[in-house]
Each structure stands twice: as C-alpha cells, then as structure tokens.
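Hi there,

Here is the structure I promised to pass on to you. Have a look at it first, and then read my notes below.

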Amino acid sequence: VNFIRRHSIPFVNKLKSTAIKRAFEYSRQHFIVITDDKDYDTVVKQMRPVAEQYSPQFVFVTVESSNAQVVEMFGVTEFPTAVLVNLSPKIVKYPMEGEITSENLRKHVEAYTSGELTAVLKTAAEPDQEAGKPHIIVGSTYADTVKNNDNVFVKFYAPWCGHCKKLVPIWDELAEKLKDENVVIAKYDATANENEDVNIKGFPTLKYYKNGNAIDYSGGRDLDSLLKFVAEHATLSVGHTEL
C-alpha cells in the first residue's frame, strides 16, 4: 500500500494540483514551503530528495506566496519559508529556520520525528482591558484565564464571520450586565491566536469554563438565554438568579 501511495502522487506537490486531495488522505503530516515564482525551481530541487526519502509518511507541498490565506495562517513575512505541519487533530506548526536546503529539510524532519521540536503558537499582543466590556483573551493568556477564574464564558470567533458579528452587541450587553458578578465574559479571536487546548471547528463557538472544566453551550444566542445559562452555572446576585 505504501508503495502505491508513494508513486501515485508527485514527490513534491503543488497546493493547487489535482493530486493534492489524495496526498492529504495519505498523511496529515505536511512539509510546506511557501515560495515566490522566481525561487520555485530551486526550492523543488532541494525538496525532492528529502521527499523521495520520507514520502508518503510526509506530504511535501509548495504554496505560492500570492496565496494570502495561507501566508496569513502561517504568519509568513519572508520567502521562501518552510513549515512542517501536523493537521491532526488540529493544525500544529513547526517552522524551520535557515535556508531551504535538502540538508536543513532533512534535519527538520528528523528533529520532528524524534520529538525535539516545539510547536510555535500564534498569539496576539495582550491588550488593555475595558471595564464592562468582554475580557479579551489571547493565545498566551488563555490558560491562565480559564484556570484562575471560577467562571469564564468565552466566545470563540472569527472577525469575518457573519454570525459572530451579529452576536457582538449581545455579548457586549452580557458583559455589561454581569460586570459586577463572579463571571468573566470573554472573547477569543481564533484566527489571531492559537493554543494547544483550543480546537474550534466552527464560529462562533461558546464555551463555559467552570473551575477550568469546559462546558459546551448550544442554547439560543439571545441575551435572556445566555443570562439563564450563566445563572445555572454560577452563583449570581439575587437580581440575576431570578431570571
């Protein structure tokens, strides 16, 4: 089976190629090089011997630097750039330092397989917080926020998501109403931040953390439903517990 897989796709795949879907089914471990057109041939020449050695355990992929979505996802500012990615169960990235050479690519794969690499997680800068507004969680503050507070209600969102935008004024009002309670109403931009404990598959996703333990929220997105849910899980003042 591995022999068939090894020879049924190119050793170095283009992201836009017709074979890429089949390649992704073979392995969730990808070695991606994002490159300009002028460096493409040189990059492929360096990638190929390593791909021949490690395919199909790893899928080797080139991505055009004009692909804004991928460039933003990986936070790339220089080209060419190589990133080893594990897509299962979520995207975990291991950027490679140095030039794109066969030797460096091979060493990076070997370091990954031996467990020597540390994943690089994206995080926005920690912002100033506003009283009465949702508490902004970033990648670097996520763990401390959910573990150091008894009650945290988090909205995981994407700025481009229409349903998320519709929820903004409701979430803001929820934060205002509960600003004096022992509940942190928070929001987390899942496109600008990453954390090993966060695996969001749709937007918006609402999770309530009770003493650090996550409870998925699947109720209505109106203010009354959200307030009642919080009242069921937190000790609120008399005015709010009567909801």
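Helices (H or I, at least four residues) and strands (E, at least two) are DSSP runs, numbered from the N terminus. This is a predicted model, in which local features need pLDDT of at least 70, side-chain atom pairs count only at pLDDT 80 or more, and totals for chains, interfaces and linings use all residues. Residues are numbered from 1 along each chain as its sequence is written, and side-chain values use heavy atoms, with hydrogens and water left out.

Let's begin with the pockets. On a 1 Å grid over the protein atoms alone, a pocket is an open set of points where a 1.4 Å probe fits, with protein on both sides within 12 Å along at least five of seven lines; lining residues have an atom within 4 Å of a point. A volume is the space filled by probe spheres set on the points, which are joined across faces, edges and corners.

The second largest pocket has a volume of about 210 Å³. Helix 4 gives the largest share of its lining, four residues. Of the 14 lining residues, Leu15, Ile32, Val70, Met73 and Phe74 lie nearest the centre. By class, this lining has 11 nonpolar, three polar and no charged residues (Ala, Val, Leu, Ile, Met, Phe, Trp, Tyr, Cys and Pro count as nonpolar, Asp, Glu, Lys and Arg as charged, and the others, Gly among them, as polar).

The largest pocket has a volume of about 730 Å³. It is lined by 23 residues, and Met73, Ile91, Ala190, Thr191 and Glu194 are the closest to its centre. Here too, helix 4 supplies the largest share of the lining, three residues. The lining divides into 12 nonpolar, five polar and six charged residues.

Now for a pair of helices. The axes of helix 7 (residues 162-177) and helix 8 (residues 223-233) come within 10 Å and cross at roughly 45°. Axes are lines fitted to C-alpha atoms, for helices over the stretch in contact, and angles run from 0 to 180 degrees between N-to-C directions. Which residues make the contact? On helix 7 they are Ile170, Trp171, Glu173, Leu174 and Lys177, and on helix 8 they are Leu223, Leu226 and Leu227 (contact means heavy atoms within 4.5 Å). Six of these residues are nonpolar, none polar and two charged.

Enjoy exploring, and write back with any questions!
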